[in-house]
Amino acid sequence: MRELVITKREEGQRLDRFLCKYLPEAPSGFLHKMLRKKNIKLNDGKAAGNEKIKQGDRIQIYFSEETLDKFTGRNSKKEKTTRALTQKQKELRGQVKVLYATEDVLILHKPAGMLTQKAEKEDDSLNDYLIDYCLEKGILTEEGLTVFRPSVANRLDRNTSGIVLCGISMAGLQALGRLMKERNLEKYYLCLVHGRVEQDRKLKGWLLKDEKTNRVRLFSKPVEGAAPIETWYQVLEKREEVSLLKIRLITGKSHQIRAHLASVGHPILGDGKYASGKMNQEMKKEGIRYQLLHSYELKVPDNVKGLPEELSGLHITAPLPSEFLTIMKKKGFSEALVKQEGRRR
């Protein structure tokens, strides 16, 4: 018999889902059968599997060690391999910053050029960095990863920099998911766009993504499969050729900001998908490698019910990348407009 004691990071899950993670090689139907036959118990009693487990709960599994090794995958002949990072991946990891940390949540700064989550097996991502960080800092153990894996809660495009929310406990992931689902987070971006933008504006439309080309199309009227979107922007400073905008995402769809601004004639500097080839050639001469779009600021209201105290009223800003600041300086923009880095209440 093996007894597992639930920690704070694991609580909040359904028992059957926890068991599926701990015993990934065991069929779900088999696990439910074992619960019915009391070969798996919760706190020494019978369980149905739909119970929400909490810190201190004890799960008893009445299997032989051989059976446990089989269903946990520990007797697998597959060798565990450590993936070597490329020099570029190491450099990007060196640019990640921890902006805020609690027992349940990490808020990280992602550099442009790093994926939020991997697309291919050989990719490195912020999510991989997060797991390695938690192991290195002793937040989690290798064994703990079998039943709970820290995860990013929102995504940024590879070439967009800035704030990414991460759950390092089940409670943290659930709280962040609820905040985003109920749209209780205020998220602001900064970007430099082509052209002189005269006034603040709210843009509306419908967005349809082509997964094959990884591009989106915008429509002024509803179209089958397209999602309604809203993008608000404020003009912070403007020149004849370039404007500095602060964006608030009212909805948050893939490539929304980039495509919406391009649709009104103001593509983001360095945007390889939605700016013209001529514009991008000019930006490469300026030394711009990525679109100058930065997830800059996050505000959490202080009146959201059921939110952990440490998140209520939180106000986070992320430092601008050096390339962004360099172009601002070249164009004569005031850094004082955006130099408000750090955490505030």
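# Close-up views

View 1. Gln-291 is buried, with a relative accessible area of 5%. (Buried means under 20% relative accessible area, exposed means over 50%, and partly exposed is what lies in between, using a 1.4 Å probe and protein chains only.) This is a predicted model, in which local features need pLDDT of at least 70 and side-chain atom pairs count only at pLDDT 80 or more, while totals for chains, interfaces and linings use all residues. Residues are numbered from 1 along each chain as its sequence is written, and side-chain values use heavy atoms, with hydrogens and water left out.

You'll find Gln-291 in the loop between α8 (277-285) and β13 (293-299). Helices (H or I, at least four residues) and strands (E, at least two) are DSSP runs, numbered from the N terminus. The Gln-291 side chain reaches the backbone oxygen of Asn-159 at 3.5 Å. Setting aside neighbours within four places in sequence, the contacts of Gln-291 include Asp-157, Thr-160, Arg-258 and Ile-268. Contact here means heavy atoms within 4.5 Å.

**View 2. The whole chain, for orientation.** Before zooming in again, here's the overall picture. The chain has 9 helices and 15 strands, and its C-alpha trace spans about 75 × 45 × 45 Å along the principal axes. Of the 345 residues in the chain, 47% are buried. Take the contacts with a separation of 6 or more: 64% of them link residues 24 or more positions apart.

**View 3. The second largest pocket.** Rolling a probe the size of a water molecule over the atoms shows where empty space is left. The second largest pocket holds about 1000 Å³ of space. Its lining has 35 residues, with Arg-155, Leu-156, Asp-157, Lys-253 and Ser-254 nearest the centre. Elements giving two or more residues to this lining are α6 (170-181), β8 (186-194), β12 (242-249) and α7 (256-263). Which element gives the most? That's α7, with 3 residues.

Grid points are joined across faces, edges and corners, and the volume is the space filled by probe spheres set on them.

**View 4. Ser-125 in its loop.** Ser-125 sits in the loop between β5 (105-110) and α5 (126-136), and it is buried at 1% relative accessible area. Its side chain makes a polar contact of 2.9 Å with the side chain of Asp-128. (A polar contact is a pair of N or O atoms within 3.5 Å; within protein, one must be able to donate a hydrogen and the other to accept it, and residues adjacent in sequence count only if both atoms are side-chain atoms.) Not counting residues up to four places away in sequence, Ser-125 touches Met-114, Leu-115, Thr-116, Gln-117 and Lys-118.

**View 5. Phe-71 in helix α3.** Phe-71 belongs to α3 (residues 65-72) and is buried, with 9% relative accessible area. Leaving out neighbours within four places in sequence, the residues in contact with Phe-71 include Leu-23, Pro-24, Phe-30 and Phe-63.

View 6. Glu-51 is in the loop between β2 (40-42) and β3 (58-61). Is Glu-51 buried or partly exposed? At 23% relative accessibility, Glu-51 counts as partly exposed. A polar atom of its side chain lies 2.8 Å from the backbone nitrogen of Gly-49.

**View 7. Two residues with positive phi.** Most residues other than glycine have a negative phi. Lys-38, in the loop between α2 (28-36) and β2, has a positive phi near 65°. His-255, in the loop between β12 and α7, has a positive phi of about 60°. Lys-38 is partly exposed at 43%, while His-255 is buried at 6%.

**View 8. Cys-166, without a disulfide.** A disulfide is a pair of cysteine sulfur atoms within 2.5 Å, and by this rule the count is 0. For Cys-166, the nearest cysteine sulfur is that of Cys-134, 8.3 Å away. Cys-166 is buried, at 0% relative accessibility.

Methods: On a 1 Å grid over the protein atoms alone, a cavity is a set of points where a 1.4 Å probe fits but cannot get out, and a pocket is an open set with protein on both sides within 12 Å along at least five of seven lines; lining residues have an atom within 4 Å of a point.
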